[in-house]
Structure formats: structure tokens, C-alpha cells
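Colleague: I would like to learn how to read a model like this one feature by feature. Could you take me through it?

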Amino acid sequence: MNFTDDIMNTVFVMMKPALIAATFTAIFSLVLILSVWFYNKSRAVKEKSGVYFLIFLFGLIGAAVYWFTSRKKIGENDGLSSSDKRKYKVVSIVLLIVCVIGFAVNIFNSAQGKYYDDEFVGIIEEMSAGYYDKYGNEYEHQDDIIYYTRDGCQFKLKTDSNGNAEYRQMPETLTNKYRESYEPAFVYIDSDGYIVFFENGIQLDDSRMEDIFCYVDADGNYYAFPLEVYWNPDGTIKE
């Protein structure tokens, strides 16, 4: 799965509980429309489709408003017998009860998180967790993460006076072995989680687009951009 697909999958997983709740809401709204339709049938009242559409949109509140404003409305005799009218009224009441119970259960399940699967919970836990560096140090924001070279020098993503992003050496480990700062285009993370620099950048391997480690140097070693790498609390790189 490439980076774009991963984002789309995350969005779908996050939306899935709402989609499930919305689907049940739509189903019970249709049941409510049927209830109103049978109610109108029992009193020989014919309504325009727009009335039922509004009831669909506003649910039980819409149905209650409709009942209150039209309860005295009586249609022309359509030849229905008294027994048929009673039958339609009973059907209307039964459907209304089903609808009320359905809405209540749907709201309860949504409030209790019944529509949250393990994948959803995992994403929420991941989003609510802090950020970590290679050595398991926790940070509140991604911009606070410290990146380490193999020889112990520390770098951090900063913004210069012109508003441009750069990876700058931390004063605590400042050394002449590295430049004071590097532009993001020349900064990578190797497969062991260390920050490395290339003066001219390196090539993208199109065959590895599904992997964050998709940039390859002349020796065949693969690297990723720092902002695409996340660490677990134990310092291992998240897959």
C-alpha cells in the first residue's frame, strides 16, 4: 500500500462508524415515512412527496410536527372499509414503534462506540499518542522530534529567518563534521533510523513506492524522508 492509499484507508476507517450510523438512520427514516404513509392511508389523506422528504430529513421531529399540524386533516372517502382503516392505523403504529426503537438503539450504539472496530480504535490510539524518536523519547509535536546521526550528533527541524524549513544541528552536539543546517530535500533517514545527508539528493525507486524507504543511493541502500518516518515507544520504526 502506498502513502496515498494509506491515507485514504485511514480516512475510510475513521468515517466508517459515522457511515454505519448514517445508514441505520436512513433505514429507520424510511420506516418512519412508511409509518406516516400508512397513517395517512388510514384517514384517506394524500400528501405530496415533498412532505415525506421533509419527514425523512427531520426524522421523528418532522413526523411530530406533521402530526400536530395535520391531525385534524381528513381526506375524501376512497372506498376503504372501517376494518381496512384500522388495519392501516395498526401498521402505522407498529412501524412507528419499530422506528423509535431503531433510532434509540442507533443513538445508544453510537454513543457507546459499538460501531468502532479494532482498526478504528488502533488509529485513535495512535493519533492520541505522542511522537517518539529513535531512542524512544516522547514528544508532543512532530516538529519537536530530535534526529540522530550514527555518531551521536542531533538535528531538529527548524524554520529560518525567511520562513524556510531546515534541519539544524542542536547546540548540545554541534560539530564541524556536519554543516550547521541542511535543506529538507537533502535529508533522509536510513533503514536503522539514523539521519543522513546527501549533497545532491538521491533517486526515487519507482518499484518501491509502496514503502516509505523508497529512495536509493548508488550503493543500493534505501532511505526515507524524515517526516514520513514514525517511531514506536521502543524506538523501532513503525511499518
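Modeller: Gladly. Let us begin with a term: two strands pair if DSSP finds at least two bridges between them. Keep in mind that this is a predicted model. As a case, strand E10 (residues 215–216) and strand E11 (residues 222–224) run antiparallel and are joined by two bridges. Tyr-215 has Tyr-223 in E11 as its bridge partner.

Colleague: What order do the strands have in the open sheet of five strands?

Modeller: The general idea comes before the case. Strands of a sheet pair through backbone hydrogen bonds, in either a parallel or an antiparallel sense. Here the five strands of the open sheet follow the order E8-E7-E11-E10-E9, and the pairing is antiparallel. Strand E8 (195–197) and strand E9 (203–204) are the edge strands, each pairing on one side only.

Colleague: How many bridges join E7 and E8, and how many join E7 and E11?

Modeller: E7 and E8 pair in the antiparallel sense over three bridges, and Tyr-188 has Val-196 in E8 as its bridge partner. E7 and E11 are also antiparallel, over two bridges, with Ile-189 opposite Ala-224 in E11. The hairpin of E7 and E8 has four residues between the strands, and Gly-193 there takes a positive phi near 95°.

Colleague: Which way do the residues of strand E7 point, and are they buried or exposed?

Modeller: In strand E7 (residues 187–190), Val-187 and Ile-189 point one way, while Tyr-188 and Asp-190 point the other way. All of these residues are buried.

Colleague: Now the open sheet of four strands: what is its order?

Modeller: Its order is E3-E4-E5-E6, again with antiparallel pairing. The edge strands are E3 and strand E6 (181–182), each of which pairs on one side only. Strand E3 (residues 146–148) pairs with strand E4 (residues 154–159) over three bridges, and Gln-154 in E4 is the bridge partner of Tyr-148. E4 in turn pairs with strand E5 (residues 165–169) over five bridges. Across that pairing, Lys-158 stands opposite Glu-166 and Phe-155 stands opposite Gln-169.

Colleague: Which residues have a positive phi in the hairpin of E3 and E4 and in the hairpin of E4 and E5?

Modeller: E3 and E4 form a hairpin with five residues between them, and Gly-152 in the turn has a positive phi of about 95°. The hairpin of E4 and E5 has five residues between the strands, and Gly-163 takes a positive phi near 85°.

Colleague: Where does a residue other than glycine have a positive phi?

Modeller: The background is that most residues other than glycine have a negative phi. Ala-44 has a positive value, near 60°. This alanine lies in the loop between H1 and H2.

Colleague: Why does Glu-166 count as buried?

Modeller: Glu-166 lies in strand E5. Its relative accessibility is 12%, so Glu-166 counts as buried. The side chain of Glu-166 makes polar contacts with the side chain of Arg-168 (2.5 Å) and with that of Ser-181 (3.2 Å). Leaving aside neighbours within four places in sequence, the contacts of Glu-166 include Lys-156, Leu-157, Asp-160, Tyr-182 and Pro-184.

Colleague: Let us turn to pockets. Which helices supply at least two residues each to the lining of the second largest pocket?

Modeller: They are helix H1 (3–42), helix H2 (49–70) and helix H3 (82–111). H2 gives the largest share of that lining, five residues. The space in the second largest pocket is about 240 Å³.

Colleague: How many nonpolar, polar and charged residues does that lining have?

Modeller: The lining of the second largest pocket has ten nonpolar, two polar and no charged residues. Among them are Leu-32, Val-36, Tyr-39, Trp-67, Ser-92 and Ile-93.

Colleague: What does Tyr-39 touch?

Modeller: Tyr-39 lies in helix H1. Not counting residues up to four places away in sequence, Tyr-39 touches Trp-67, Arg-71 and Ser-92. Looking along the chain, Tyr-39 and Leu-19 are 20 residues apart in sequence and 30 Å apart in space, C-alpha to C-alpha.

Methods:
Residues numbered from 1 in each chain as written. Predicted model: local features only at pLDDT ≥ 70, side-chain atom pairs only at ≥ 80, totals over all residues. Heavy atoms only, no water. 1 Å grid on protein atoms, 1.4 Å probe; cavity = no way out; pocket = protein on both sides within 12 Å on 5 of 7 lines; lining within 4 Å. Points joined across faces, edges and corners; volume = space filled by probe spheres on them. Nonpolar A, V, L, I, M, F, W, Y, C, P; charged D, E, K, R; others polar. Buried < 20%, exposed > 50% of the residue type's maximum accessible area, 1.4 Å probe, protein only. Polar contact = N/O pair within 3.5 Å; in protein donor to acceptor, adjacent residues only side chain to side chain. Contact = heavy atoms within 4.5 Å.
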